[in-house]
Amino acid sequence: DLACAMGWAPTWVCSNGRRFVMMRYVKWGITSPSLIYMYSSLSSRADEQVLHYNVICLIMLGSGALSASTGPPHNHAYLFASIVLWILLIQHLNKLIDSTILQAAPEDAEYRKSLGVAKGLLLIGWFAMPIIFMLAKYRVVDPTLEE
């Protein structure tokens with residue numbers, strides 16, 4: 001994050017004229033599956049379900065990277081695929097956190113509250129990034145904001 005924020009991450013100009021920061025997708029390829037694994041572990045989900053959603057996550061990130069780095073007409077198909085998979089992942093993460101909150105003992109009110117705050121922050125972050133991406137992609141905001 002610091003390398004990206006300071007402008008030190010390698011970037012290149014794509015065929016669509018946008019600057020592409022590959023470091024972001026590498027970071028997301030590590031942190032997003034880790035996050036899914038963590039919440040799956042907290043909610044005692046089966047390993048095959050964790051693997052399934054991690055594969056979906058990586059495909060979502062790959063299609064997002066292709067959408068960001070290619071021009072029309074293919075970038076819209078990649079963008080659509082990425083958004084559909086993103087919606088599936090948001091629903092899954094929401095269910096995982098809700099399941100974990102419900103499994104907490106009634107006397108663990110502080111733990112439930114902490115999980116509720118974590119859920120709020122997670123959803124804000126996972127909603128903010130695609131919104132900023134879309135606004136920058138369609139030049140509603142300065143494209144460097146998305147970088």
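**Close-up views of a predicted model**

**View 1. Helices α4 and α5 pack at an angle of about 175°.** Their axes lie 10 Å apart. This is a predicted model. Angles over 145 degrees count as roughly antiparallel, so α4 is roughly antiparallel to α5. The contact of α4 with α5 holds 18 nonpolar residues. Four polar and four charged residues complete that contact.

**View 2. Helices α3 and α4 pack at an angle of about 150°.** Their axes are 8 Å apart. That angle makes α3 roughly antiparallel to α4. The crossing of α3 and α4 is left-handed.

**View 3. Residues of α3 meet residues of α4.** On the α3 side, look for Gln49, Tyr53, Ile56, Cys57, Ile59, Met60, Ser63, Gly64, Leu66 and Ser67. On the α4 side, find Asn75, Tyr78, Leu79, Ala81, Ser82, Leu85, Trp86, Leu88, Leu89 and His92. What classes of residue make up the contact of α3 with α4? There are 13 nonpolar and seven polar residues, and no charged ones.

**View 4. Helix α2 packs with helix α3.** Helix α2 covers residues 22-42, and helix α3 covers residues 47-69. The angle between them is about 155°. Their axes are 10 Å apart. The two helices are therefore roughly antiparallel to each other. Is the crossing of α2 and α3 left-handed or right-handed? The crossing of α2 and α3 is right-handed.

**View 5. Residues of α2 meet residues of α3.** From α2 come Tyr25, Trp28, Gly29, Ser32, Pro33, Ile36, Tyr37 and Ser40. From α3 come Val50, Tyr53, Asn54, Cys57, Leu58, Leu61, Gly64, Ala65 and Ala68. The contact of α2 with α3 has 12 nonpolar and five polar residues. No charged residues take part in the contact of α2 with α3.

**View 6. The largest pocket holds about 500 Å³ of space.** Its lining counts 25 residues. Which residues are the closest to the centre of the largest pocket? They are Trp28, Met60, Leu61, Met129 and Pro130. Helices α2, α3, α4 (74-103) and α5 (109-137) each give two or more residues to the lining.

**View 7. Helix α5 gives the largest share of the lining of the largest pocket.** That share is nine residues. By class, the lining of the largest pocket has 16 nonpolar residues. Five polar and four charged residues also line the largest pocket.

Key:
Residues numbered from 1 in each chain as written. Predicted model: local features only at pLDDT ≥ 70, side-chain atom pairs only at ≥ 80, totals over all residues. Heavy atoms only, no water. Axes fitted to C-alpha atoms, helices over the stretch in contact; angles between N-to-C directions. Helix = DSSP H or I, 4+ residues; strand = E, 2+ residues; numbered from the N terminus. Parallel < 35°, antiparallel > 145°, perpendicular 65-115°, else oblique. Left-handed = near helix turned anticlockwise from the far one by under 90°. Contact = heavy atoms within 4.5 Å. Nonpolar A, V, L, I, M, F, W, Y, C, P; charged D, E, K, R; others polar. 1 Å grid on protein atoms, 1.4 Å probe; cavity = no way out; pocket = protein on both sides within 12 Å on 5 of 7 lines; lining within 4 Å. Points joined across faces, edges and corners; volume = space filled by probe spheres on them.
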